[in-house]
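Here is a short report for a reader new to this structure. Start with the view below, then read on from the inside of the protein to its surface.

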Amino acid sequence: MSTNKIIINTAQAPAPIGPYNQAVKAGNTLYISGQIALSPETGELVEGTVADEARQVLENLKAVLAAAGYAFIDVVKTTIFLRDMNDFGTVNTVYGTYFEEQAPARETVAVVGLPKNVNVEISVIAWKA
């Protein structure tokens, strides 16, 4: 039995910087690769605070969700990777502005290093009937 797998890529989010896609849709489930604070227009890191990074990450996720016909309300699971767990409160505040209703399940983990030495990376899984 084969699964119908659809690759999702949009110019409204940063191009992948390795051998992966922005997202893969399998059935009704959308798996979005971890996003970091890259500008879709330039491919460069967004400079600023950890809150600025978190906002850019969530805007990138929003663009990929939209390209696949999904929205934040369809997100069922997120994983947040932080370089420093002391940034949890700041990232959580920004995150909360994108998930105002029906917040998804999630975990937040501190990691030793992230691509391009960013402070935050977020991946999501979305589902829609």
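## The nonpolar core

The largest nonpolar core holds 30 residues, and Leu-30 and Leu-58 have the most contacts inside it. Five elements each supply at least two residues of this core: strand E3 (29-35), helix H1 (50-67), strand E4 (75-82), helix H2 (88-98) and strand E6 (120-127). H1 gives the most, with 9 residues.

Look at Leu-58 in particular. Leaving aside residues up to four places away in sequence, Leu-58 touches Phe-72, Val-94, Tyr-95, Tyr-98, Phe-99 and Ile-122.

## The whole protein

This is a predicted model. The protein has 2 helices and 6 strands. Along the sequence they follow the pattern β-β-β-α-β-α-β-β.

How far does the C-alpha trace span along its principal axes? The spans are about 45 × 30 × 25 Å. The radius of gyration is 14 Å, and a compact globule of 129 residues would have a value near 14 Å, so the two agree.

Among contacts in the protein with a separation of 6 or more, 67% are between residues 24 or more positions apart. Of the 129 residues, 40% count as buried.

## Surface and charge

The accessible surface of the protein comes to about 6,900 Å². Carbon and sulfur atoms account for 52% of that surface. The protein carries 9 positive and 13 negative charges.

Most residues other than glycine have a negative phi. Which loop holds Lys-116? Lys-116 is found in the loop between strand E5 (105-110) and E6. Asn-117 is found in the loop between E5 and E6. Neither is a glycine, yet phi is positive in Lys-116 and in Asn-117. The table sets out their values.

| Residue | Phi | Relative accessible area |
|---|---|---|
| Lys-116 | about 60° | 47% |
| Asn-117 | near 60° | 53% |

Are these residues partly exposed or exposed? Exposed means over 50% relative accessible area, and buried means under 20%, with partly exposed in between. Lys-116 has 47%, so it counts as partly exposed. Asn-117 has 53%, so it counts as exposed.

How values were computed: Residues numbered from 1 in each chain as written. Predicted model: local features only at pLDDT ≥ 70, side-chain atom pairs only at ≥ 80, totals over all residues. Heavy atoms only, no water. Helix = DSSP H or I, 4+ residues; strand = E, 2+ residues; numbered from the N terminus. Rg over C-alpha atoms; globule rule 2.2 N^0.38 Å. Buried < 20%, exposed > 50% of the residue type's maximum accessible area, 1.4 Å probe, protein only. Contact = heavy atoms within 4.5 Å. Areas by Shrake-Rupley, 256 points an atom, 1.4 Å probe, with all protein chains shown as cover. Lys, Arg positive; Asp, Glu negative; His and termini not counted. Charge placed at Lys NZ, Arg CZ, Asp CG, Glu CD. Core = buried A, V, L, I, M, F, W, Y, C linked by side-chain atoms within 4.5 Å.
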